[in-house]
Amino acid sequence: MARKNAKPKTKQKKTSAASKSRVAAPSNRGTDPKRVRAILDKLDQAYPAATCELHHDNPFQLLISTILSAQCTDERVNIVTKTLFPKYPTPKDFAYANPSELEQDIRPTGFFRNKTKSIMGASKKILEEFSGKVPQTMDELLTLPGVARKTANVVLGSAFGIASGVVVDTHVQRLSERLDLTKNTDPKKIEQDLMKVIPQDRWILFSHQLIWHGRRVCQARKPRCLECNLERLCYSKDKTV
Ligand code: SF4
């Protein structure tokens, strides 16, 4: 009789421990400040000098490169801008370019008709309303054709060192989800979530570091988890180890 009773008692205990551990894991465990700090430390170890990989000599060139980088790799943009920038050295050159010729000049970056309209429109507005200089506030940048928050954050952060937000590109979007720093899928909401949990003085570097990690290790189709120094902090369903 005693044996018969012992089994259910043990089983009961195991079930209770499992459910206790499930209850103990809060839904916001991903953004626990200690965990976020640990993620930032690991990113610092792996990418202490992460920067924007779009080649540029001034804020205007970075703006043009960022517009060109939509749906295109930075490598390809850098190849195109190597000859584009010497041909169109100032906002005026882009603003009054021959649209058909500019379309062909940027064609390898894709979506070249829309990008031509954005580049020429933004250049005209910079000339006419901002004295030929790229504006340095989010509100002003968002008035330029073809410029949304992602582009504005790239320009403000990398050209002016102004932390107005977090750049949310495809890599930041994917990694924020895998690292459980957001439950959202809309880039605008992801940015708001990241701005709440990442200290503002880390916004610029954090964006670059996540982009670098996404390109080199935490790739979309097959993340290289064996090489990832965040592996012990990551419980993504996409993990390959
Ligand atoms: S462990 Fe894998 S899925 Fe998680 S961050 Fe690293 S590479 Fe990405």
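Biologist: What makes the span of helix H9 close to the expected one?

Modeller: H9 covers residues 149-160, twelve residues in total, and reaches 15 Å from its first C-alpha to its last. Helices here are DSSP runs of H or I with at least four residues, strands are runs of E with at least two, and both are numbered from the N terminus. Bear in mind that this is a predicted model: local features need pLDDT of at least 70, side-chain atom pairs count only at pLDDT 80 or more, and totals for chains, interfaces and linings use all residues. Residues are numbered from 1 along each chain as its sequence is written.

Biologist: Why is H9 called mostly covered?

Modeller: Nine of its twelve residues are buried. Buried means that 20 or more other C-beta atoms lie within 10 Å of the residue's own; 12 or fewer makes it exposed, in between is partly exposed, and C-beta atoms are placed from the backbone. Among the buried residues of H9 are Lys150, Asn153 and Leu156.

Biologist: What covers the buried residues of H9?

Modeller: The cover includes helices H3 (59-68), H8 (138-141), H11 (187-197) and H12 (203-216). Just after H9, Gly161 takes a positive phi of about 70 degrees.

Biologist: Why does Gln71 count as exposed?

Modeller: Gln71 has 10 C-beta neighbours inside 10 Å, so it counts as exposed. Gln71 sits in the loop between H3 and helix H4 (74-87), and its phi is positive, near 60 degrees, in a residue other than glycine.

Biologist: And why does Ser131 count as exposed?

Modeller: Ser131 has 8 C-beta neighbours inside 10 Å, so exposed is the label here too. Ser131 belongs to the loop between helix H7 (112-129) and H8. Its phi is about 55 degrees, positive although Ser131 is not a glycine.

Technical notes
The expected span of a helix is 1.5 Å times one less than its number of residues. Two residues are in contact if their C-beta atoms, placed from the backbone, lie within 7 Å.
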